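Subject: Structure handover

Hi,

Here is the structure I promised to pass on. My notes follow below it.

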Amino acid sequence: MPMTIWNIFKKDWLLMRMQILSVACIQLAFTALEIRRTLVGDEPVIGQLSQVLLWLWLLADVVLTITIVHQDALPSTSQDWLTRPIPRSALLAEKLLFCVVTVQSVAFLSDVLQGVVCGFPLRLVI
C-alpha cells in the first residue's frame, strides 16, 4: 500500500507542479511584503497590496486543494471497471499527504522565514 501512495503522489506532482509553484510564489510574495512592512514601516500601498495577495493566496490554496482531490475520482460500485484497483484508504491517505506537503509546507516555511528575518531565534519560531 505505501508503494501505491507513492505512485499516486508522483503522478499528482507531475500533473500539478506548475500550479503548486504558482501558489508558492504568491505565498512567498506575500511573505516578502510582510517582512518589508515589519522592517521598514507600514505604507498604505504596501498594506493594500499585501491584503490583495493574502486573499489571492487563500483562494489559490482552496482551488489547488480542490483540484488535487479531484485528480482521482472514486468510481461508484457499477463503474469499478473504469479505473485501476486502488484502495480508497490509500487514495485518501495520498490526497491528505499531498495537501499537507504541497500546501501547508510552503506556509510553514514562509512563516519560519518571516520570524527569523524579523529577529526571533529559530528555536522559538519553529
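How do the residues lining the largest cavity divide into nonpolar, polar and charged? There are 6 nonpolar, 1 polar and 1 charged. Bear in mind that this is a predicted model.

The cavity first. The count comes to 1 cavity of 30 Å³ or more. About 30 Å³ of space lies in the largest cavity. Its lining consists of Ile20, Val23, Ala24, Asp61, Leu64, Thr102, Val103 and Val106. H1, H2 and H3 each give two or more residues to that lining.

Next, helix H2. It runs over residues 44–69, 26 residues in total. At 1.5 Å a residue, H2 should span 38 Å, and its end C-alpha atoms are 38 Å apart, so the two agree. Buried residues in H2 include Ile46, Leu53, Trp57, Asp61 and Leu64. The buried residues of H2 pack against helix H1 (2–39) and helix H3 (88–117).

Now the aromatics. The count comes to 3 aromatic pairs. One of them is Trp6 with Phe9, stacked at 5.9 Å centre to centre with 15° between the planes. Both lie in H1, 3 residues apart, about one turn of the helix. Trp6 has 46% relative accessibility, so it counts as partly exposed. Phe9 has 14%, so it counts as buried.

Phe30 and Trp57 also form a stacked pair, at 6.3 Å centre to centre and 15° between the planes. Phe30 lies in H1 and Trp57 in H2, so this pair ties together parts 27 residues apart in sequence. Both Phe30 and Trp57 are buried. Finally, Trp6, Phe9 and Phe98 form one aromatic cluster.

Best wishes

Notes. Residues are numbered from 1 along each chain as its sequence is written. This is a predicted model: local features need pLDDT of at least 70, side-chain atom pairs count only at pLDDT 80 or more; totals for chains, interfaces and linings use all residues. Side-chain values use heavy atoms; hydrogens and water are left out. Helices (H or I, at least four residues) and strands (E, at least two) are DSSP runs, numbered from the N terminus. The expected span of a helix is 1.5 Å times one less than its number of residues. Buried means under 20% relative accessible area, exposed over 50%, partly exposed in between (1.4 Å probe, protein chains only). Contact means heavy atoms within 4.5 Å. On a 1 Å grid over the protein atoms alone, a cavity is a set of points where a 1.4 Å probe fits but cannot get out, and a pocket is an open set with protein on both sides within 12 Å along at least five of seven lines; lining residues have an atom within 4 Å of a point. Grid points are joined across faces, edges and corners, and a volume is the space filled by probe spheres set on the points. Ala, Val, Leu, Ile, Met, Phe, Trp, Tyr, Cys and Pro count as nonpolar, Asp, Glu, Lys and Arg as charged, and the others, Gly among them, as polar. Rings of Phe, Tyr and Trp (its six-membered ring) pair if their centres lie within 6.5 Å; planes under 30 degrees apart count as stacked, over 60 as edge-to-face and the rest as tilted.
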